[in-house]
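Visitor: I would like to go through this model and ask, for each label, what stands behind it.
Guide: Then put the questions one at a time.

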Amino acid sequence: MPDTNPSAGAAPLPRRNGGAGRGEARAGVLFALPWMVGMTLFVAIPLILTFYIAQTKFQIIGAPKWVGMQNYEALWTDPAFWTSARNTLVFAVISVPLKLIIALGLALLLNRATALSSFYRTVFYLPFLMPAVAGSVVFMLLLTPNAGPVNLVLEALGFNPPDWLLDPNAALWTLIMLSLWPLGVETLVFLGGLQNIPKEVSEAADLDSPRGWHKLVWITLPLITPMVLFNLVIGIIYSFQIFTQAIVIGGTTGAPAESTLMYMVVLYRAAFRYFNVGLAAAMATVLFLVVLILTLLIFRTARSWVHYEGGER
Amino acid sequence: MSERRKATVGTRIGMLAYHALMLTISAVFLLPFYWMTISAYKSNAEIFSDPVTLFPDPIRWENISALLTRDDFPFVQQFLNSVFYAGTVAVLVCLSCSLAAYSFGCLRWRGRNLVFALTVCALLMPTIVTFLPVYLAWSKLGLNGTYWPLITPFLFGDAFFIFMLRQFFMGVPREVLDAARLDGASEFRIWWQIVMPQVRTPLVIAGLFATVYTWNEFFLPLIYLQDREAFPLSVGLFTFQSQRAVEWSVSMMGAFLTAIPMVLLFLFTQRLFQRGLSSTGLK
């Protein structure tokens, strides 16, 4: 993913030498054809149509009616839009970096061969396999105020625990905390990067500077920046679309008191509860532009902080 | 002599501290699984008993049959729906994505890099941005409420799995293809008889990932399906939980039986999973 230049590593472009090359070129197009059709039908055309629908009043039944920028004006004055945008932004901005830091820490801890290594790896990976609905329901039980096990234990230890998911001031932070549980993919991606660091580099660094911190900051981190970029981009894109956990825990109203109301939930209820497809499409286009700008920004800055083996690309 | 002993004692203490730390972290990660499992075999009263019990007493095996016989949570039917949904998508992903991945990874043609760049864009595109028109088209066709909208797109391919499989296809040596071409093999035969057998393991990996993703998929089936009997487990569990919030032991048994197939699948195939991850395209 960090590779914005798709040709890197693949075979070079065809030379014009006729014969076999032409057959290969034809086969190349034919083999890619189903996917090109799929991309056109399910990505390109719908993308354009979404921008069109966003400019119409459309209630699923009946024909769409052109209304220009009205949907965007309605969004601008809709408090639910702003609440959900704020919640989603807080969620993404806090949970993604936290997750990356913890995953990196776990990967560093995992990066040594012991008798239990594969056990630890498995354990860290398991939460990713848990269906998000099931995971959220389990956390709702664990964190039940008063009667739930977490609070019973905390109270027994003399703490005064919050009501977690039922406290409007704590619910969003609890949701962020829960999002840190399934970090197996990020951890294993980092671990893969750590294990690809050549032994000689690592040993030379040990000789030059016996301090672990120096090695981490100046040798290890730069070598795994491609994985940081990968995890960062994917993490940002996905956390802006958080839906399942939010709707299981907060329903379509973002209970308690709209504190867990997420952007995708507001979009979902606009389209499928209130049948206001035009407004939902307008929300989708806003999300598209925000994600697009963020991704471009990250890739732009990536040139200065991502280090690719083999020098410049 | 004593120096050396000191060093080994030191590393031994270091090892102990390391494992103590790792086991503590593991316990935190496993706690929700453990709590889900024991709660599935408790009564509602015992789930919220004070002090908390770390093991169900007695183990209520009847919770399983209680779940399976409820008509507001047709678990067996929904389980079969999930198997059908995940299995079909996994097979389609292997077939359709290997076509495009072969083209991007092994063949040279004009425009290839452009089309692959577009594929990466499609991969990063939030689902919802393209979702509404597709949904409206399916409802015009009268196919909402069936699995057609959920499965058909995978006939054409999926950006993520094309991206993942391309990495493996790129590892097939070019000389093999050229030799086959000199022997006069058709391009289709080269793909099917020479290249595909070499990427058998990656195909299984892609199939496994597709199975897990589809088993856990929530948004699309929630929107396309309306009938309780048609839901996959993810949506079935959500619907039950949001309507019968107080019946925790049934919810927990449902969550347990929803999660356990994927956990087992993973435990039996984890080598493949980890290979799939380390090659998700970071080179």
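Visitor: What separates the centres of domain 1 and domain 2 of chain A?
Guide: In this predicted model, the two centres, taken over C-alpha atoms, are separated by 33 Å. The domain assignment of chain A sets domain 1 at 20-53 and domain 2 at 72-305.

Visitor: Which domains does the assignment give for chain B, and what separates their centres?
Guide: The assignment of chain B has domain 1 at 2-65 and domain 2 at 70-278. Their centres, again over C-alpha atoms, are 34 Å apart. In the contact, domain 1 of chain B supplies 10 residues and domain 2 of chain B supplies 7 residues. On the domain 1 side, the elements giving two or more residues are α1 (2-40), α2 (44-47) and α3 (62-68) of chain B.

Visitor: Why are α13(A) and α14(A) called roughly antiparallel?
Guide: The axes of α13 (residues 263-272) and α14 (residues 277-305) of chain A cross at roughly 155°. The label roughly antiparallel is for angles over 145 degrees, and α13(A) and α14(A) are therefore roughly antiparallel to each other. Their axes come within 7 Å, and the crossing is left-handed.

Visitor: Which residues make that contact, and how do they divide by class?
Guide: From α13(A) come Y263(A), V266(A), L267(A), A270(A) and A271(A). From α14(A) come V277(A), L279(A), A280(A), M283(A), A284(A) and L287(A). The contact has 11 nonpolar residues, no polar and no charged ones.

Visitor: Which residues of α4(B) and α9(B) meet?
Guide: On α4(B) they are V93(B), C97(B), S98(B), A100(B), A101(B), Y102(B), F104(B), G105(B) and C106(B). On α9(B) they are F161(B), I162(B), L165(B), R166(B) and F169(B). By class, this contact of α4(B) with α9(B) has 11 nonpolar, 2 polar and 1 charged residues.

Visitor: Why does D163(A) count as partly exposed?
Guide: D163(A) has 18 C-beta neighbours inside 10 Å. Buried would need 20 or more, and exposed 12 or fewer, so D163(A) counts as partly exposed. The residue lies in the loop between α6 (149-156) and α7 (171-179) of chain A. Leaving aside neighbours within four places in sequence, D163(A) is in contact with P145(A) and A170(A). D163(A) and L143(A) are 20 residues apart in sequence, and their C-alpha atoms are 7.7 Å apart.

Visitor: How do you know that L223(A) counts as partly exposed?
Guide: The count for L223(A) is 19 C-beta neighbours inside 10 Å. With the cut-off for buried at 20 or more and that for exposed at 12 or fewer, L223(A) therefore counts as partly exposed. L223(A) is found in helix α10 (residues 212-223) of chain A. Beyond four places in sequence, L223(A) is in contact with I197(A) and H307(A). L98(A) is 125 residues away from L223(A) along the chain, and their C-alpha atoms are separated by 20 Å.

Visitor: What share of chain A is buried?
Guide: Buried residues are 39% of the 313 residues in chain A. Its secondary structure comes to 14 helices and 2 strands. The C-alpha atoms of chain A fill a box of roughly 75 × 60 × 30 Å along the principal axes. Among contacts in chain A with a separation of 6 or more, 69% join residues 24 or more positions apart.

Visitor: How many residues of the two chains are in contact?
Guide: There are 82 residues of chain A in contact with 80 residues of chain B. Helix α1 (residues 20-53) of chain A gives the most to the chain A side, with 22 residues. That side of chain A divides into 67 nonpolar, 14 polar and 1 charged.

Technical notes:
Residues numbered from 1 in each chain as written. Chains lettered and ligands numbered in written order. Predicted model: local features only at pLDDT ≥ 70, side-chain atom pairs only at ≥ 80, totals over all residues. Helix = DSSP H or I, 4+ residues; strand = E, 2+ residues; numbered from the N terminus. Nonpolar A, V, L, I, M, F, W, Y, C, P; charged D, E, K, R; others polar. Domains from an automatic or database assignment. Axes fitted to C-alpha atoms, helices over the stretch in contact; angles between N-to-C directions. Parallel < 35°, antiparallel > 145°, perpendicular 65-115°, else oblique. Left-handed = near helix turned anticlockwise from the far one by under 90°.
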